[in-house]
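Trainee: Hi! Could you walk me through this structure? I'm new to it.
Mentor: Happy to; let's have a look together.

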Amino acid sequence: MPDVSVRLAGPGDRLLVERLWLMFCHDLSEFDGLLPHADGTFRSDRLDMAFSEPD
């Protein structure tokens, strides 16, 4: 079994995290009933805050 490590995401990881966020929101939409925007994205204010707030 491979070793697993965890690290904080940095600015260079944003595109990857945005894609993971999209899939996460898509999976949860089954339970919370939220629909995506016309372009297929979901609200990303939490994601934006995670990359703009220092903490």
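**The largest pocket**

Mentor: The largest pocket is lined by Trp21, Phe24, Cys25, Leu28, Asp32, Leu34, Leu35, His37, Phe42, Arg43, Asp45 and Arg46. This is a predicted model, where local features need pLDDT of at least 70, side-chain atom pairs count only at pLDDT 80 or more, and totals for chains, interfaces and linings use all residues. Residues are numbered from 1 along each chain as its sequence is written, and side-chain values use heavy atoms, with hydrogens and water left out.

Trainee: Which elements give two or more residues to that lining?
Mentor: Those are α1 and α2 (45-52). The most comes from α1, with five residues.

Trainee: And how much space lies in the largest pocket?
Mentor: About 260 Å³.

Trainee: What classes of residue does the lining have?
Mentor: Seven are nonpolar, one is polar and four are charged.

Trainee: Switching topic: how many salt bridges does a search of the whole structure find?
Mentor: Four. A salt bridge here is a side-chain nitrogen of Lys or Arg within 4 Å of a carboxyl oxygen of Asp or Glu.

Trainee: What does Arg7 form a salt bridge with?
Mentor: With Asp13, the closest N and O atoms being 2.8 Å apart.

Trainee: Is Asp13 buried or exposed?
Mentor: Asp13 is buried, at 16% relative accessible area, while Arg7 is exposed, at 63%. Buried means under 20% relative accessible area, exposed over 50%, and partly exposed in between, using a 1.4 Å probe and protein chains only.

Trainee: Which side chain meets Arg14 in a salt bridge?
Mentor: That of Asp48, at 2.6 Å from N to O. This pair links distant parts of the chain, since Arg14 is in helix α1 and Asp48 in helix α2, 34 residues apart. Arg14, Glu18 and Asp48 are also linked in a network of salt bridges.

Trainee: Last one: which residues form a nonpolar patch on the surface?
Mentor: Phe24, Leu28 and Phe31, with about 330 Å² of accessible area together. For such a patch, residues have over 30% relative accessible area and no salt bridge, and nonpolar side chains are joined within 5 Å.

Trainee: Where is Leu28 found?
Mentor: In helix α1 (residues 14-32). Leu28 is partly exposed, with a relative accessible area of 35%.

Note on methods:
Patches are made of residues with over 30% relative accessible area and no salt bridge: like charges are joined within 9 Å, nonpolar side chains (Val, Leu, Ile, Met, Phe, Trp, Tyr) within 5 Å. Accessible areas come from the Shrake-Rupley method with a 1.4 Å probe; for residues, only the protein chains shown count as cover. Helices (H or I, at least four residues) and strands (E, at least two) are DSSP runs, numbered from the N terminus. On a 1 Å grid over the protein atoms alone, a cavity is a set of points where a 1.4 Å probe fits but cannot get out, and a pocket is an open set with protein on both sides within 12 Å along at least five of seven lines; lining residues have an atom within 4 Å of a point. Grid points are joined across faces, edges and corners, and a volume is the space filled by probe spheres set on the points. Ala, Val, Leu, Ile, Met, Phe, Trp, Tyr, Cys and Pro count as nonpolar, Asp, Glu, Lys and Arg as charged, and the others, Gly among them, as polar.
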